[in-house]
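Please find below my notes on the model, as numbered points. They cover helix packing, the sheet and the aromatic residues.

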Amino acid sequence: MPDAFALGRPAQDAFPFEVWARLLQAEWRHGPTEKPDPRGSPALRGAIAAYLAQARGVACEPEDVIVTAGIRQSLRLLAELLLDPGETALVEEPGFPGIAQALASAGLRPVPVPVRPGGLSVALAAAPAAEARLAVVTPAHHYPLGYAMSLENRLDLLAWAEAVSGWIVEDDYDGAYRYAGRPLAPLRALDRGGRVIYVGSFSKLLLPALGLSYLVLPRGLVAPVNQALAETGPAPPGIGQWALARFIEDGHLAGHLRRTRRLYALRQEALIEAARRHAGDVAAIAPMEGGMHVIARPGPAWGAALTDVAAAAALGRAGISAVALSAYHAGPAEPGLLLGYAAVPERAIDPAVLRLAETLRAVPITPVAVSA
C-alpha cells in the first residue's frame, strides 16, 4: 500500500518502540495480573480517566470508561442499548462512512445533516431532529473538512439532546492534534445533563495495530452498559492493555503527543509549501488548524471532467495514496483529495508532491458525452 499520503497513519518514525517493547515484554513476563473484564483492564481504564482529566478536560472516573476494539464496536454497543431498531440517528454530511455503516448494522436509520463552517448545526436537521435520539459528531475537528464546532452549535446540540431525551456521541478521534493554541475543549466539558458519550482511540495517536478505543459514559449509563457487557459484550483485545496503562501512567503518552504535535505541524507546513511549488496549477491546499490530513482542491489545470475518484485511482497507480473527498458525501460533492501527512517524513514530502502533480497533469480526460 502506498505510504504517501495515506490517511489515519501516525508517525511510526516518532514512536518510542524501545519503551513500548520493554513494557510489552514485562506484560508477557508477568502474565495476566487481572481477571478478564469485558469493560477492559481496570488499570487501563484508570490510566485513561487520569489522562483525559489532565489533557482533555474530561472529568470522569475509571468506572465510567469502557475499552473497546474501535469506534464501530462502540457505536453498535450504544445503538443496541440506547435505541430501538428503526429509530433515527443524526450523522455528519460529509462524514466518515463507517459511522453510518455501524449504525445501520445495529438497525438504526442514519440521517445525514449538512456540516458548514462552525460544524454540524442541529437546526439544519429540521424534521429528522425531532425524530432522532442519537447524534454522532466530531466537534473538535470535523472529519474530513476540519471545521471546529462553534459554541452556538455546541449549545444547540446539547439543548436538542435534553429536549428529546437523546444522546450525543462525541468522536474525539484526533482532538489532541491542534497546532494553533491549545486543543479545543471537548463537547463533554459543556455537558451538564449527562447526554454526551465521549469516544477516543489510540490507533491514530500511537499504533494502528493496537486496535484499542474507549468510550466515557455519562454516569446514568454506567450500570446498564456494564450489565449489557456482562451478558453479551466480548472483551476487547487483552494483550497490550497493561502495557498501554503503564505507557500512559509513566508519562510516555503525554511526551509522545508533545513531540508529534510539533512534528505534524512541520509536516503539514512542508506539504503545503511543496504543493505551492510543484502542484499549484492542479491542486490548492489550505492549512488546517489541526488533525493529520489536508484537502487538495482542484486547481485551474485540473480538468473539468476529471473526477476526484479517477484522480485518486491514478495516484494510487503511481504509488501515491489519496482518498476522494466525494467518498465522504452521501450526495453530490465538490471534488477534492484527502492527503494524510503525519506518517510521511519531511524528506519524502517534496518528491511525493512532485509525483502527485506530474500524475494529475498526465491523467487522460475522457470527454463527457453531450446528448443531442
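1. A definition comes first: axes are lines fitted to C-alpha atoms, for helices over the stretch in contact, and angles run from 0 to 180 degrees between N-to-C directions. The model is predicted. In these terms, helix H3 (residues 71-82) packs against helix H4 (residues 97-105) at an angle of about 35°, and their axes are 8 Å apart. The crossing of H3 past H4 is right-handed.

2. The contact between these two helices can be listed by residue. H3 contributes Ile71, Arg72, Leu75, Arg76 and Ala79, while H4 contributes Gly98, Ile99, Gln101, Ala102, Leu103 and Ser105. Sorted by class, the contact of H3 with H4 holds 6 nonpolar, 3 polar and 2 charged residues.

3. The sheet is open and has 8 strands, in the order E1-E8-E7-E6-E5-E2-E3-E4, with mixed pairing. Strand E1 (65-68) and strand E4 (119-120) are the edge strands, each of which pairs on one side only.

4. Valine 115 has leucine 120 in E4 as its bridge partner.

5. Which strands does helix H2 (residues 42-55) lie across? They are E1, strand E7 (196-201) and strand E8 (213-216), and H2 runs at about 115° to E1.

6. There are 9 aromatic pairs in the structure. One of them, tyrosine 143 with tyrosine 173, is edge-to-face, at 5.5 Å centre to centre and 85° between the planes. This pair links distant parts of the chain, 30 residues apart: tyrosine 143 is in the loop between strand E5 (134-137) and helix H6 (151-163), and tyrosine 173 is in the loop between strand E6 (167-171) and E7. Tyrosine 143 has a relative accessible area of 14%, so it is buried. Tyrosine 173 also counts as buried, because its relative accessibility is 9%.

7. A further pair is formed by tyrosine 177 and tyrosine 264, whose ring centres are 4.8 Å apart; their planes are at 50°, so the pair is tilted. Tyrosine 177 is in the loop between E6 and E7 and tyrosine 264 in helix H9 (residues 252-278), so that the pair links distant parts of the chain, 87 residues apart. Buried means under 20% relative accessible area. Tyrosine 177 is therefore buried at 2% relative accessibility, and tyrosine 264 is buried with a relative accessible area of 0%.

8. Finally, Phe15, Phe17, Trp20 and Phe247 form one aromatic cluster.

Technical notes. Residues are numbered from 1 along each chain as its sequence is written. This is a predicted model: local features need pLDDT of at least 70, side-chain atom pairs count only at pLDDT 80 or more; totals for chains, interfaces and linings use all residues. Side-chain values use heavy atoms; hydrogens and water are left out. Helices (H or I, at least four residues) and strands (E, at least two) are DSSP runs, numbered from the N terminus. A crossing is left-handed if the near helix is turned anticlockwise from the far one by less than a right angle, and right-handed if clockwise. Contact means heavy atoms within 4.5 Å. Ala, Val, Leu, Ile, Met, Phe, Trp, Tyr, Cys and Pro count as nonpolar, Asp, Glu, Lys and Arg as charged, and the others, Gly among them, as polar. Two strands pair if DSSP finds at least two bridges between them. Rings of Phe, Tyr and Trp (its six-membered ring) pair if their centres lie within 6.5 Å; planes under 30 degrees apart count as stacked, over 60 as edge-to-face and the rest as tilted. Buried means under 20% relative accessible area, exposed over 50%, partly exposed in between (1.4 Å probe, protein chains only).
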